[in-house]
Amino acid sequence: MTGLGMVSPIGNSVEESWRALLEGRSGAAPISRFDAAGLATRFACEVKDLDVGEFVDHKAARRMDRCTHLVLAAARQAESDSGLEVAPNAESVGAAIGTALGGVGSFEECVIQLTRRGPARVSPFSIVQTLPNLAAGWVSIELGTRGPLLTESTACAASSMALGDGLDSIRLGRADVMFCGGTEAPVTAAAVASFGAMRALSPRNDDPATASRPFDGARDGFVMAEGAGVVVLEELEHARARGAHIYAELIGYGVSSDANHVSDPDPVGLNPARALRMALTDAGVNVAEVGYVNAHGTSTPAGDAAETRVLKLALGEEKAYATPVSSTKGATGHTLGASGALEAIFTVLALHRGVLPPTINQTSADPACDLDYIANTAREEQVEVAISNSFGFGGHNTALVFRRLAEADKTSSQLS
């Protein structure tokens with residue numbers, strides 16, 4: 001990886017988000033994008049004070065959903081960070097972007113206009129704002145990539161799978177460079193109401209900052225969040241040849257299906273564990289080499305207990321107990337299809353900077369969640385190999401394996 005870009009509920013850049021994460025800050029607050037007074041859950045993790053005009057032309061921005069604004073901000077940051085010039089080799093540069101809901105805000109607005117004012121007042125941009133693939137399409141259009149162009153829409157596993165698609169595209173020789181990531185802008189009345197109806201969201205309206213509490217004994221649902229993350233994934237020798245700064249290496253990718261339920265996790269954990277073991281095999285890494293896991297950990301009662309079982313199955317109980325694990329969703333909330341991209345960036349920075357991020361709001365024990373979750377305080381520890389997990393509705397399981405490169409440029413400042 002040679003470039004990183006992010007907009008999140010805790011910062012409008014990678015550095016801002018990383019610093020806030022290590023400081024244990026939460027991005028949760030009362031919803032500001034619409035009047036949430038009638039909803040059971042009235043808070044979320046929103047991106048704050050982002051100047052879209054810094055990254056997107058005003059005229060073009062009118063044709064885009066907010067999820068596209070967010071991913072273009074992240075993609076432009078990643079492009080700048082990488083120092084890559086796309087135009088001279090555009091046909092060997094591609095993009096893979098994941099999203100769960102796509103332009104759900106634009107679709108909601110289309111329905112409102114249709115029902116209140118009639119079909120003549122529906123925006124002609126409604127379809128291109130709503131289609132899930134248009135986030136990837138706009139990244140390609142704006143950056144000028146002409147290589148593979150891919151979209152994953154596999155719920156909360158989407159952007160991890162987009163990184164896996166990028167890895168495969170480079171391995172197959174279809175591209176030298178891939179802009180990979182994900183985006184989500186689900187803080188809309190319909191989306192919040194729908195997840196609330198499922199009883200998936202935390203109802204802690206009196207204290208939003210403590211509502212997302214992965215693996216904690218008092219967890220009671222996830223916190224809806226928006227954001228985007230994009231990485232520049234580059235063939236290693238290609239990166240070395242241009243003298244690029246290399247953060248870390250993506251070396252393994254695993255996927256599996258639960259074939260069990262539309263929303264509930266695998267009750268035993270065997271199928272998600274297969275994805276982890278597949279990723280380790282693909283990476284050529286022994287379980288003993290794993291030094292850190294960035295967990296999916298959404299703060300739901302069933303999901304976090306299930307992931308704990310998965311880690312014990314995949315790593316073996318003794319190794320699972322000895323391996324530091326954290327869920328960064330305690331700080332960011334759950335960005336759905338963008339979560340894997342944000343968490344891949346946090347995992348890469350943990351390797352690159354020798355600091356493992358905390359799981360905030362860990363205040364009470366749960367016997368079903370008994371691993372080392374790096375509770376509340378970041379930990380200085382240099383590890384060589386790390387895993388990032390993502391799981392999605394429908395039974396989508398994904399794992400990515402990252403490795404620190406000994407020769408990676410370490411000139412960037414350490415944050416602690």
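Let us begin with helix 7, residues 158-171, and helix 14: in this predicted model, their axes come within 5 Å and cross at roughly 65°. Helix 7 and helix 14 therefore count as roughly perpendicular to each other. On the side of helix 7, the contact is made by Ser159, Ser160 and Leu163, and on the side of helix 14 by Ser339, Gly340, Ala341 and Ala344. Sorted by class, the residues of this contact are three nonpolar, four polar and no charged.

Helix 14 has a further partner to consider. The axes of helix 1, residues 14-22, and helix 14, residues 339-353, come within 11 Å, and the crossing is at roughly 75°. Helix 1 and helix 14 are therefore also roughly perpendicular to each other. Which residues meet here, between helix 1 and helix 14? From helix 1 they are Val14, Glu15, Ser17, Trp18 and Leu21, and from helix 14 they are Ile345, Phe346, Leu349, Ala350 and Arg353. By class, seven residues of this contact are nonpolar, one is polar and two are charged.

Gly337 has its place between helix 13, residues 329-332, and helix 14. Is Gly337 buried or exposed? Its relative accessibility is 0%, and a residue counts as buried under 20%, so Gly337 is buried. Beyond its neighbours within four places in sequence, Gly337 is in contact with Gly98, Thr99, Ala100, Ala155, Cys156, Ala158, Ser159, Gly182 and Glu184. Among these, Ser159 also takes part in the contact of helix 7 with helix 14. By contrast, the C-alpha atoms of Gly337 and Ala120 are separated by 33 Å, and these two residues lie 217 residues apart along the chain.

Next, helix 8. Within residues 189-197, which form this helix, Ala191, Val192 and Phe195 are buried. Seen down the helix axis, the buried residues of helix 8 fall within an arc of 95°, and so they line one face of the helix. Helix 4, residues 104-117, is included in what covers them. Just after helix 8 comes Arg199, which takes a positive phi of about 60°.

Finally, a word on confidence. The protein averages a pLDDT of 95, and 98% of the residues score at least 70. Over residues 408-416, however, pLDDT stays under 50. For that stretch the model has 22 contacts beyond four places in sequence. Where pLDDT is low, predicted coordinates should not be read in detail.

Key. Residues are numbered from 1 along each chain as its sequence is written. This is a predicted model: local features need pLDDT of at least 70, side-chain atom pairs count only at pLDDT 80 or more; totals for chains, interfaces and linings use all residues. Side-chain values use heavy atoms; hydrogens and water are left out. Buried means under 20% relative accessible area, exposed over 50%, partly exposed in between (1.4 Å probe, protein chains only). Helices (H or I, at least four residues) and strands (E, at least two) are DSSP runs, numbered from the N terminus. The arc is that of the directions from the helix axis to the C-beta atoms. Contact means heavy atoms within 4.5 Å. pLDDT is the predictor's confidence in each residue, from 0 to 100. Axes are lines fitted to C-alpha atoms, for helices over the stretch in contact, and angles run from 0 to 180 degrees between N-to-C directions. Angles under 35 degrees count as roughly parallel, over 145 as roughly antiparallel, 65 to 115 as roughly perpendicular and the rest as oblique. Ala, Val, Leu, Ile, Met, Phe, Trp, Tyr, Cys and Pro count as nonpolar, Asp, Glu, Lys and Arg as charged, and the others, Gly among them, as polar.
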